[in-house]
Amino acid sequence: MIGLANNHHIYDKLINITAAEHVLVNEQLKDHTYTHLGGMADFYVTPESYEQVQEIVKLANEEKIAFTLLGNGSNLIVKDGGIRGIVMNLQKLNEVKIEDNHLIAQSGARIINASREALRANLSGLEFACGIPGSVGGALFMNAGAYGGEIKDVLVSTLVVNREGDLLTLTAEELDLAYRTSNIPDKGYIVLEANFALKEAQYEAIKEVMDNLTYKRESKQPLEYPSCGSVFKRPPGYFAGKLIQDSDLQGKQIGGAQVSLKHAGFIVNKDNATAKEYINLIQYVQATVKEKFGVELEREVKIIGEDL
Ligand SMILES: Cc1cc2nc3c(=O)[nH]c(=O)nc-3n(C[C@H](O)[C@H](O)[C@H](O)COP(=O)(O)OP(=O)(O)OC[C@H]3O[C@@H](n4cnc5c(N)ncnc54)[C@H](O)[C@@H]3O)c2cc1C
């Protein structure tokens, strides 16, 4: 697709909806992804209100422009050619509030911060999320989970914008949350807000669980390097990390991307990797595990954008 960055008509409309400081042109996405991968976005837009989100969706529809939603970029790889059209990030919609036993978080808030707010309010239920480096929106998108807990256990309802730009309130059941999936991609919903039902508990008890999970994470995961977390879903009857380890792939490097020496299920951006190198290494791991064990490793992480 031809880039739109020089399209002044679209730029003017975008700054009319938001403001010039919220619309970046030819913005490097590797500066906005947890993996530090990705080429340029034609327009990188960070709206400040739900109305602005609705207006941007409507503009993309009217002008027939490609539209991509980026959270904290911790579960996706943006290719080196970047993304054409509008890339929207909701980082400025990041409020978290407590109402009785409910925690209501805007989708651009970090799920880690939501988890910490719950602790401060003596509310239990979001401890599992204390080390997941994504946004609330990204967490709903893939029903993020860890150490026996997942979004599905605590989500009551969500406010979304649909493909037409309308606001909808949905129950958690309406999102079809299941192991690392939801119907958000199929329906094209943009999550604006999530309402979690939590339970009162002792501050010390919640903190102890969070501290234990943080210790487990820090001792097992290569958090010193950028990465996209576990690259592969758990194959039925196996563990992806164990299969990769038993294929002698730990330490395997393509360019700046490396199969982590600390956790075989992670591929780290060790030394300014390109997305191409990172993706080539993913494919190399898949092919090797398939050849050695006959198991297909399905990617958990999404790949988006264009090649250079
Ligand atoms: C070190 C590390 C550890 C991790 N540990 C875990 C873990 O324990 N458990 C786990 O489940 N995951 C884990 N992850 C993966 C990742 O953090 C989660 O999947 C997280 O929920 C992704 O959120 P994000 O904001 O980064 O989404 P992104 O990667 O930015 O986007 C992922 C998808 O979500 C969509 N999306 C983002 N925001 C919205 C929105 N507001 N509305 C609709 N769609 C949206 C995007 O369009 C994209 O398709 C880990 C990742 C890393 C790097």
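The largest nonpolar core of this predicted model has 31 residues, and L140, I151, L155 and F196 have the most contacts inside it. A nonpolar core is a set of buried Ala, Val, Leu, Ile, Met, Phe, Trp, Tyr and Cys residues joined through side-chain atoms within 4.5 Å. Buried means under 20% relative accessible area, exposed over 50%, and partly exposed in between, with a 1.4 Å probe and protein chains only. Because the model is predicted, local features need pLDDT of at least 70 and side-chain atom pairs count only at pLDDT 80 or more, while totals for chains, interfaces and linings use all residues. Residues are numbered from 1 along each chain as its sequence is written, and side-chain values use heavy atoms, without hydrogens and water.

- Beyond neighbours within four places in sequence, L140 is in contact (heavy atoms within 4.5 Å) with residues including I151, L155, L175 and F196.
- Another core, of 24 residues, lies apart from this one and has L37, A240, A275 and Y278 among its members.

**Cysteines**
- The whole structure holds zero disulfides, a disulfide being a pair of cysteine sulfur atoms within 2.5 Å.
- C130 has its closest cysteine sulfur in C228, 20 Å away, which is too far for a bond.
- C130 is buried at 12% relative accessibility, and C228 is buried at 2%.
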